[in-house]
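My entries follow in the order in which I went through them.

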Amino acid sequence: MGSKIILIIIGTSLWSLTMIRSGWLYGYGIGFWGPNGHDGVWHIALSESLARGSLNNPVFSGEPLKNYHIGFDLLLALVNQIIKVPVNTLYFQIIPPIMAFLIGLLTYKFIFLWRKSKSEAFWSTAFVYFGSGLGFLLTFLRNGEITGESMFWSQQSLSTLVNPPLALSLIFILLGLIFLQKYEQTRKNYHILLSMVFFGLLIQIKAYAAILVLGGLFVSGAYSLVINHKFHIMKVFCGSLLINIILFFMVKNDSVSVFTWYPFWFLETMMIYSDRVGWERFYSAMTTYKMGNIWLKATLAYATAFLIFIVGNMGLRVIGFWYFLQKKLKIDSTLIILVTISGVGLLIPMFFVQVGTPWNTIQFFYYYLFIFSLFAGIVISRSGLVIKALFITFSIFGSWATLQHYLPPKPQSMVTKSELEALSFLKQQSNAVVLTYPYDKYKAIEALKNPPRPLYTYDSTAYVSAYAHKNVYIEDEVNLNIMGYEWKERRDNVFNFFTSLDLEFARSFLEDNNIKYLYLVKEMTPLSGELMKIGPSDLNLTKIYENEIVVIYSR
């Protein structure tokens with residue numbers, strides 16, 4: 001077996017460890033390691049909704065899905081309908097290894113086509129799989145622990161599959177680049193068309209990727225047109241842009257701005273947050289200089305923070321900068337695309353944050369790290385054994401810093417067996433809107449137990465929609481916030497419903513919102529010894545299910 005295949009198998013196996021243990025039924029229920037208890041459950045809920053033929057938001061009943069890229073979830077739903085494998089199994093156990101394998105294989109293929117070097121292709125693939133930052137080094141020096149994957153804000157390579165749209169977007173970017181390379185070598189027009197399609201679909205897979213790739217194609221296309229009088233890159237840009245625009249309107253998008261100007265938010269929060277670098281004195285100094293208009297000191301302080309951000313997140317990938325110090329650097333259209341993607345991927349989070357969830361903009365930076373993994377692999381392929389040994393060492397410790405969250409015998413969160421039985425019962429009922437009591441972080445703290453924690457004490461998630469296959473009146477406030485829904489009024493209405501003594505209001509609330517089912521976790525309901533102020537019979541509610549944890553009413 002060749003070294004390339006061994007590398008891809010090892011990379012696929014380690015990447016898949018972040019996913020494949022989640023979603024199984026264990027003695028305590030369905031377990032979720034890492035962020036899968038929130039992010040994974042959301043994708044399952046949305047894919048199940050799409051599989052039912054709905055473009056409405058499954059966690060905000062009656063409202064169309066908006067401001068969201070549905071490509072991965074639509075693919076999941078289509079595969080589910082074709083082969084009849086449960087969405088839960090596809091999401092956690094089947095699709096992740098496939099995507100991990102394809103990313104490695106396509107990375108190798110792309111670099112080999114571009115650089116004509118098996119060694120460069122091998123080491124670039126190695127960096128894509130195992131590139132890591134320096135968070136583990138900082139936590140080890142502080143307290144002797146090897147952790148801190150996102151110490152400098154960015155996730156690292158081994159966590160790629162936890163963000164499936166990111167993983168799928170990398171596959172499509174690599175395919176677009178590969179067919180672009182093939183066209184430049186063969187001049188066959190269908191390669192141009194395939195490149196357009198793969199780049200064009202990005203808007204519904206990962207909007208961040210679409211922005212970066214279109215920017216890269218435009219800059220490279222303009223360069224090729226002006227310098228080399230070649231039109232093919234600009235053709236790909238125009239075709240991709242057209243497809244992106246068409247697909248953009250598949251899902252409702254508000255006209256409000258998604259991003260807002262906030263220079264150096266990541267640098268400042270990296271320094272102040274205790275779960276990041278947490279250097280409070282430095283944060284105090286840099287912000288004081290800025291507010292006091294002491295520009296020389298402020299510039300030096302922010303430049304230092306930026307250097308910490310870059311080196312801390314990149315780790316050994318910093319050797320990728322050496323690629324640009326070659327005496328005879330060959331500037332071609334592909335290099336310009338890659339440099340533009342990485343450059344814009346760095347600049348956007350340095351100056352903009354996402355409205356409602358400012359940290360989400362760090363996802364642009366993931367593509368910067370991916371591109372520099374390629375450059376670092378090219379450089380290290382020509383390096384000596386010491387540098388390669390250093391990379392292997394960094395890879396081992398960096399991988400452990402990530403995997404320790406996915407390897408413990410007990411997961412961080414779960415859906416208990418009792419709840420799963422209740423959700424399975426609800427799934428068998430006719431399709432209608434479900435009302436749940438919203439996530440209450442204060443009651444969740446009161447109910448805090450040793451892991452695994454039930455999802456209702458873990459975070460605001462989409463688990464009722466995901467496992468009951470129903471639309472919920474309001475659930476997963478985290479994603480509602482990201483997508484720009486005005487959800488707080490709806491949440492307040494739910495609180496009012498449970499605590500009100502106004503019978504007319506309560507009946508109208510259920511009727512006006514087409515709510516048929518109430519799914520109530522006894523531990524999380526607001527009133528001691530009661531589920532609602534108004535008796536269920538007064539609301540024409542019939543108890544259709546009850547166990548030690550859950551009560552379900554139907555109207």
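I began with the accessibility classes: buried means under 20% relative accessible area, exposed means over 50%, and partly exposed lies in between, with a 1.4 Å probe and protein chains only. This is a predicted model, in which local features need pLDDT of at least 70 and side-chain atom pairs count only at pLDDT 80 or more, whereas totals for chains, interfaces and linings use all residues. Residues are numbered from 1 along each chain as its sequence is written, and side-chain values use heavy atoms, with hydrogens and water left out.

**Entry 1: salt bridges**

I took a salt bridge to be a side-chain nitrogen of Lys or Arg within 4 Å of a carboxyl oxygen of Asp or Glu, and by this rule I found 8 salt bridges. For the places of the residues I used helices (H or I, at least four residues) and strands (E, at least two), which are DSSP runs numbered from the N terminus.

I looked up Arg-555 and found it in a salt bridge with Glu-511, with the closest N and O atoms 2.9 Å apart. This pair links distant parts of the chain, since Arg-555 sits in the segment after strand S10 (550-554) and Glu-511 in helix H22 (residues 503-512), 44 residues apart. Glu-511 is partly exposed because its relative accessible area is 49%, and Arg-555 is partly exposed as well, at 33%.

I then turned to Arg-491, which forms a salt bridge with Glu-477, the closest N and O atoms being 2.4 Å apart. Arg-491 lies in helix H21 (residues 488-499) and Glu-477 in helix H20 (residues 477-483), so the pair ties together parts that are 14 residues apart in sequence. Both Arg-491 and Glu-477 are buried.

Arg-276 pairs with Asp-275, and there the closest N and O atoms are 4.0 Å apart; Arg-276 counts as buried because its relative accessible area is 12%. I also noted a network of salt bridges that links Arg-115, Glu-120 and Arg-382.

**Entry 2: the sheet with S5**

For sheets I used the rule that two strands pair if DSSP finds at least two bridges between them. Strand S5 (residues 413-416) pairs with S7 in the parallel sense over 2 bridges, and Ser-413 stands opposite Arg-453 in S7.

Contact here means heavy atoms within 4.5 Å, and the axes are lines fitted to C-alpha atoms, for helices over the stretch in contact, with angles from 0 to 180 degrees between N-to-C directions.

**Entry 3: the sheet with S8**

A further open sheet has 4 strands in the order S6-S8-S10-S9, also with mixed pairing. Its edge strands are strand S6 (433-436) and strand S9 (542-546), each of which pairs on one side only, and the twist averages 25° from one strand to the next. S6 and strand S8 (residues 515-521) pair in the parallel sense over 4 bridges, and the bridge partner of Leu-435 in S8 is Leu-518.

H17 came up again here, lying across S6, S8, S9 and S10 and running at about 175° to S8. H21 packs on the sheet too, touching S6 and S8, with its direction at about 75° to that of S6.

**Entry 4: single residues**

Is Ser-49 buried or exposed? Ser-49 is buried, with a relative accessible area of 0%, and its place is in helix H2 (residues 39-51). Leaving aside residues up to four places away in sequence, I found that Ser-49 touches Ser-54, Asn-56, Pro-58 and Asn-471.

Asn-293 lies in the loop between helix H12 (280-291) and helix H13 (295-314), and at 49% relative accessibility it counts as partly exposed. The C-alpha atoms of Asn-293 and His-69, 224 residues apart along the chain, are separated by 41 Å.
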